[in-house]
2 protein chains.
Amino acid sequence: MTAALELFAERGYDGTSVSQIAARAGVTEMTFFRHFPGKASVLVDDPYDPVIGVAIRRQPPGPDPISRAARGIRSAWQQLPQPSVEQVRTRLRIVAKTPTLRASIAGGTAATEAVITDALTSGGTSRREALIAAGAVMGALNTALLEWSLTDGDDLGKAIETALDLLEDRRG
Amino acid sequence: MTAALELFAERGYDGTSVSQIAARAGVTEMTFFRHFPGKASVLVDDPYDPVIGVAIRRQPPGPDPISRAARGIRSAWQQLPQPSVEQVRTRLRIVAKTPTLRASIAGGTAATEAVITDALTSGGTSRREALIAAGAVMGALNTALLEWSLTDGDDLGKAIETALDLLEDRRG
DNA sequence: CGCCAAATGTTAGCGACTAACATTCACTGT
DNA sequence: ACAGTGAATGTTAGTCGCTAACATTTGGCG
């Protein structure tokens, strides 16, 4: 993983091949694929889904599933151990600057969307509305995180807050 | 394109190779890639971006960029020539059932997101909020379209309406 | 010291995609 | 009718991500 991040920083994501990563790690291409399911997986690792699920369920149901999801994620974020901001930033920066990767995180968020959808439906929201709300929330969050990664010295928490406020606290 | 859609229906997206498509089309693999930038591009073709841009700009600015974007898209959708619903459905159905494709449409919506972002910022919204609003709207719409494609006999316009209403018409 | 299992290596192959170069095709002007 | 020209197509060869089948090493343990 260290080798990969170094090379991505040096030559960019598309500019570095898996065999180069393996070589710098003193290892074969094969053993790379035994540790990571794919080249993109070096940059993603998102174990937050369960926490998000219960946090959303704890929010009072209401007519607006988007707001409920947003409140749940805010609460989850606050109780989560804050990750190393600079590490998150370097990773996300690579994603933000690589179109193919931007696309592929959508695959990573699919699981989170499913968790949000389930949490919302358990509160009485129709499945269709829950799906849409989950899509909207994840769309907003992903965009906010990528944009944040490209700026300097800004607070990660504040970026998330901006996104959640915009989703939740409309016409205000 | 006809050959590709046939094969996707027969063997699934991942189960058909580009050379198979080319063969059925009576053509070489190379000339496939000269017509389509990639295998996924057979299923996507989204010339609506300019219309969306001007439609959003026409909406009165307000404190809530998400609502403005949603209203703009609703208006654009109403004045657009309605596409052949069944054709849209078969295409989207393939996308919905193929995880790798679901991810790759995110790449296709990047352009639309940029258009929405620009339209919103021209109305006084900050760049960060405009980006987030665009992400939320596209996330909701994509999810709604994919979910719609998997159902039978439902109205496409109604599915879009559900998404836009949820985004725009909060708390009630 | 020998044994077993996990980690790693080797080889071979598929599919998406690209580049460099050759070829055919359709159409134009003389 | 004919030569010429530019676009569309074919050919070949190669890179990269990724997988499968089988061999090899490695490390701990009785």
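Guide: Start with Arg128(B), which forms a salt bridge with Glu147(A); the closest N and O atoms are 2.8 Å apart. Arg128(B) sits in helix H8 of chain B and Glu147(A) in helix H8 (residues 127-150) of chain A, so the pair joins two chains. Here a salt bridge is a side-chain nitrogen of Lys or Arg within 4 Å of a carboxyl oxygen of Asp or Glu. Side chains of opposite charge can pair when their charged atoms come close. Helices (H or I, at least four residues) and strands (E, at least two) are DSSP runs, numbered from the N terminus.

Some conventions before going on. This is a predicted model: local features need pLDDT of at least 70, side-chain atom pairs count only at pLDDT 80 or more, and totals for chains, interfaces and linings use all residues. Residues are numbered from 1 along each chain as its sequence is written, chains are lettered from A and ligands numbered from 1 in the order in which they are written, and side-chain values use heavy atoms, with hydrogens and water left out.

Between chain B and chain A the count is 4 salt bridges. Over all chains, the structure holds 20 salt bridges.

Polar contacts come next. A polar contact is a pair of N or O atoms within 3.5 Å; within protein, one must be able to donate a hydrogen and the other to accept it, and residues adjacent in sequence count only if both atoms are side-chain atoms. Between chain B and chain A, 4 residue pairs are in polar contact, both residues at pLDDT 80 or more. On chain B, the side that touches chain A draws at least two residues from each of helix H5 (65-79), helix H7 (99-121), helix H8 (127-150) and helix H9 (156-168). H8(B) supplies the largest share of that side, 13 residues. By class, the side of chain B that touches chain A divides into 16 nonpolar, 9 polar and 10 charged residues. For these classes, Ala, Val, Leu, Ile, Met, Phe, Trp, Tyr, Cys and Pro count as nonpolar, Asp, Glu, Lys and Arg as charged, and the others, Gly among them, as polar.

Step back to the whole interface. Contact (heavy atoms within 4.5 Å) takes 35 residues from chain B and 35 residues from chain A. Of the interface residues of chain B, 100% are also interface residues in chain A, so the copies meet through the same surface. The size of an interface is often given as the accessible area lost when the parts come together. Chain B and chain A bury about 2,800 Å² between them, with 62% of it on carbon and sulfur atoms. That buried area is the accessible area (1.4 Å probe) that two parts lose on being put together, summed over both.

Then the symmetry. A rotation of 180° with 0.0 Å of shift along its axis superposes chain B on chain A, at an RMSD of 0.2 Å. The two copies are thus related as by a two-fold rotation axis. The superposition is by least squares on the C-alpha atoms of residues with pLDDT of at least 70 in both. As for the fold, chain A has 9 helices and 0 strands. Its C-alpha atoms fill a box of roughly 55 × 35 × 25 Å, taken along the principal axes.

A residue is near a strand if one of its heavy atoms lies within 4 Å of it. Around DNA strand C there are 14 residues, of which Thr31(A), Arg34(A), Val18(B), Met30(B) and Lys39(B) come nearest. Sugar and phosphate make up 45% of the atoms of DNA strand C that come within 4 Å of the protein. The side chain of Arg34(A) puts an N or O atom 2.5 Å from a base nitrogen of DNA strand C. A polar backbone atom of Val18(B) is 2.9 Å from a phosphate oxygen of DNA strand C.

For DNA strand D, the largest share of the nearby surface, 4 residues, comes from H3(B). A phosphate oxygen of DNA strand D is 2.7 Å from a side-chain N or O atom of Lys39(A). Another contact places a phosphate oxygen of DNA strand D 3.0 Å from a polar backbone atom of Thr28(B).
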